[in-house]
Amino acid sequence: MTKKQYGLGLRSAYAEQLLNKHQQLDWLEIHAENYFNPHSYDYHLLKQIAEHSPISVHGVGLSLGSFDALSKTHLEKLKALIDDVNPFIVSEHLSWSSINGRFYNDLLPLPYTEECLKVFIEHVNQAQDFLERQLLIENPSAYLAYHESHIHEPEFLNRLVEATGCGLLLDINNVYVSGHNLGWDNQEYLETLNLDAVKEIHLAGYTEKQLDNKTVLIDSHNQKVSEPVWQLYRKFQQYYANNIPTLIEWDSDFPSLDVLVEEVLQAKHIDLETSEVSCA
């Protein structure tokens, strides 16, 4: 891609509306596991959409952080999808979701230890070798921290990049949610992270929940992007303006497609503002 591109998560609620290319959307992102059945109706729609819109594949079930071995069946299904759709980006999460062969629906956070880093490096290398391409790894949202963690998350990601050659998917909403819940400095996070490795940006909405006297932010993906997250996105663009593809995520309580396109246009507007300031 030669200029900055803006995309939207392709969900079944909007698939039929996107059979014809939308002028405001440069690309679309799918959750890989929703398309593991090549005979499904959703897969049929995806193939038509992929004829006019670049696709990125975002995995949620590889469980790269688990001490279990990677599932060869899962990898084979993922590779078959990639070979068929030819995405320009393939990404997964800095998380785990299986133990002793049992899988969970949540993307669970890792303790940031040397042992976990070693396992994650091995699994990313195995996945990249099998898929024969680079993976981007997304920073997670977190609500609690492990006592055992002694590596700051951006340093953990930097060492992962150095050891595997993977790229990063920077979720700005996750940085803000985790920063609020765990009490870290978001600016310091961005300044520590290897931004040269960032190849995609995610933006999404969160919800607030009161627990005792504390407000906890939940990465719910069912709201508009919040103003504090837009502000952090604006700072990121000012600090590191680049043609990194940006995606709006929305995964439940779906509004009309027009609402999501307005969010895409807001990201474009902020990028235009920051580029004009940089050129002044």
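Is Cys116 buried or exposed, and what is its relative accessible area? I found Cys116 buried, with a relative accessible area of 9%, where buried stands for under 20% relative accessible area, exposed for over 50% and partly exposed for what lies in between (1.4 Å probe, protein chains only).

**Basis of the entries.** I am working from a predicted model, in which local features need pLDDT of at least 70 and side-chain atom pairs count only at pLDDT 80 or more, while totals for chains, interfaces and linings use all residues. I number residues from 1 along each chain as its sequence is written, and side-chain values rest on heavy atoms, with hydrogens and water left out.

**Cysteines.** I next looked up Cys166, which counts as buried at 2% relative accessibility. For Cys116 the closest cysteine sulfur is the one in Cys166, and I noted that at 16 Å it is too far for a bond.

**The chain as a whole.** I counted nine helices and 12 strands in the protein chain, these being DSSP runs numbered from the N terminus (helices H or I, at least four residues; strands E, at least two). The radius of gyration of the protein chain is 18 Å, close to the 19 Å that the globule rule gives for 280 residues, so the chain is as compact as a globular protein of that length. For that comparison the radius is taken over C-alpha atoms, and the rule is 2.2 Å times the number of residues to the power 0.38. Along its principal axes the C-alpha trace spans about 50 × 50 × 40 Å, and 54% of the 280 residues count as buried. I also noted that, of the contacts (heavy atoms within 4.5 Å) with a separation of 6 or more, 79% come from residues 24 or more positions apart.

**Helix α3.** With 14 residues (72-85), α3 should span 20 Å at 1.5 Å a residue, and its end C-alpha atoms are 20 Å apart, which agrees; the expected span is 1.5 Å times one less than the number of residues. I listed His74, Leu75, Leu78, Lys79, Leu81, Ile82 and Val85 as its buried residues. They cover an arc of only 160° around the axis, which puts them on the same side of α3, the arc being that of the directions from the helix axis to the C-beta atoms. These buried residues pack against β2 (27-31), α2 (41-49), β3 (55-58), β4 (89-93) and α4 (114-131), whereas the face turned away from the buried side carries the exposed residues Lys72 and Asp83. Just after α3, I saw that Asn86 takes a positive phi of about 55°.

I then turned to Leu203, which lies in strand β9 (residues 198-203) and counts as buried at 0% relative accessibility. Leaving aside neighbours within four places in sequence, Leu203 has contacts that include Ile172, Val225, Val229, Trp230, Tyr233 and Ala267. Helix α8 (residues 227-239) has 13 residues and reaches 18 Å from its first C-alpha to its last, close to the 18 Å expected at 1.5 Å a residue. In α8 I found Val229, Trp230, Leu232, Tyr233, Phe236 and Gln237 buried. Seen down the axis of α8, these buried residues fall within an arc of 160°, so they line one face of the helix.

How values were computed:
A disulfide is a pair of cysteine sulfur atoms within 2.5 Å.
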